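Good morning, and thank you for making time for this presentation.

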Amino acid sequence: PVPTISWRRADGKQIPRKARRHRSSGLLEIPNFQQEDAGLYECVAENVRGKNVARGQLTFYAQPSWIQRISDVHAAIEERVSWECRASGRPKPSYRWLKDGEPLLPQGRVQLEQGSLTIPNVSLSDAGMYQCVAENRHGVIFASAELSVIAIGPDFSKTLLKKLTLVKVGGEVIIECKPKASPRPTYSWKKGKDILRENER
């Protein structure tokens, strides 16, 4: 006789409620297929003369999609620059980096690890257009950002040299001088018009 047909999942999970059966249950349709729907499915055909089972593996694949992109950065010379890009996808995407369209390889000052790029001390030569590339076997996506490196002359507008009065002769005095500058400046000190030299005091 014509067999009856039923469906089940071999992993013991329930078939999704959204699933629909057609043609006397001979066709199983799963709309909006998601990762949790993946697994081993079994079609069971049965009549009074016996039973037979057909199995099929449903696998979830997805092309990369950005979770976190990179954005433009303006950095002073010798500053630390760090970018991170993250993408979803199945299988998990791999990452690579480009600078001005050319592959960027790990070297002395440039550190690459998966979707992260770090330059501990930027220089003018690091300026340019960077791209993070995420890819798996189903697609490739790009995220772009520009690194602008600027030089800044010494700026004392936000630095205060405090006037200090000794309470006790022989006490220690510390005067800090921290101007904003890029690259890092050299320092010299004067007392009045005389240049101060380092000595025992």
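**A walk through the predicted model**

Residues are numbered from 1 along each chain as its sequence is written, and side-chain values use heavy atoms, with hydrogens and water left out.

Let me return to Asp 126. Its place is the loop between β13 and β14 (128-136). Strands and helices here are DSSP runs numbered from the N terminus: E of at least two residues for strands, H or I of at least four for helices. Is Asp 126 buried or exposed? Asp 126 has a relative accessible area of 5%, so it is buried. The cut-offs are under 20% for buried and over 50% for exposed, with partly exposed in between, using a 1.4 Å probe and protein chains only. Apart from neighbours within four places in sequence, Asp 126 touches Lys 99, Arg 109, Ile 119, Asn 121 and Leu 147, where contact means heavy atoms within 4.5 Å.

With neighbours within four places in sequence left aside, the contacts of Thr 118 are Arg 80, Val 81, Ser 82, Arg 109, Val 110 and Gln 111. With Ser 82 there is a polar contact between side chains, at 3.5 Å. Thr 118 counts as buried because its relative accessibility is 9%.

I turn now to the protein as a whole. It has 19 strands and zero helices. Of its 201 residues, 27% are buried. Among contacts with a separation of 6 or more, 53% are between residues 24 or more positions apart.

Three strands make up an open sheet, ordered β1-β4-β5, with antiparallel pairing; two strands pair if DSSP finds at least two bridges between them. Which strands stand at the edges? They are β1 (4-9) and β5 (50-58); each has a single partner strand, so one side of each is left without a neighbour in the sheet. β1 is joined to β4 by six bridges, and strand β4 (residues 39-47) to β5 by nine. Tyr 41 takes part in both pairings: it is the bridge partner of Arg 9, and its own partner in β5 is Gly 56. Further along, Glu 46 has Lys 51 as its bridge partner in β5, and a hairpin of two residues connects β4 to β5.

What of the aromatic rings? The structure holds two aromatic pairs. Rings of Phe, Tyr and Trp (its six-membered ring) pair if their centres lie within 6.5 Å; planes under 30 degrees apart count as stacked, over 60 as edge-to-face and the rest as tilted. Phe 33 and Phe 60 have ring centres 6.1 Å apart and planes at 40°, so this pair is tilted. Phe 33 is in the loop between β3 (27-29) and β4, and Phe 60 in the loop between β5 and β6 (62-68), so the pair ties together parts 27 residues apart in sequence. Phe 33 is partly exposed at 27% relative accessibility, whereas Phe 60 is buried at 18%. In the other pair, the rings of Trp 83 and Tyr 130 are also tilted, because their planes are at 50°, with centres 5.1 Å apart. Trp 83 lies in strand β8 (residues 81-84) and Tyr 130 in strand β14, so this pair ties together parts that are 47 residues apart in sequence. Both are buried, Trp 83 at 4% relative accessibility and Tyr 130 at 2%.

Finally, some points of backbone geometry. Most residues other than glycine have a negative phi, and most peptide bonds are trans. Arg 90 and Pro 91, however, are joined by a cis peptide bond, with omega about 0°. Pro 91 sits in the loop between β9 (86-90) and β10 (94-99). Gln 114 is not a glycine, yet its phi is positive, about 50°. Gln 114 belongs to the loop between β12 (111-113) and β13 and is exposed, with a relative accessible area of 57%.

Terms used: Predicted model: local features only at pLDDT ≥ 70, side-chain atom pairs only at ≥ 80, totals over all residues. Polar contact = N/O pair within 3.5 Å; in protein donor to acceptor, adjacent residues only side chain to side chain.
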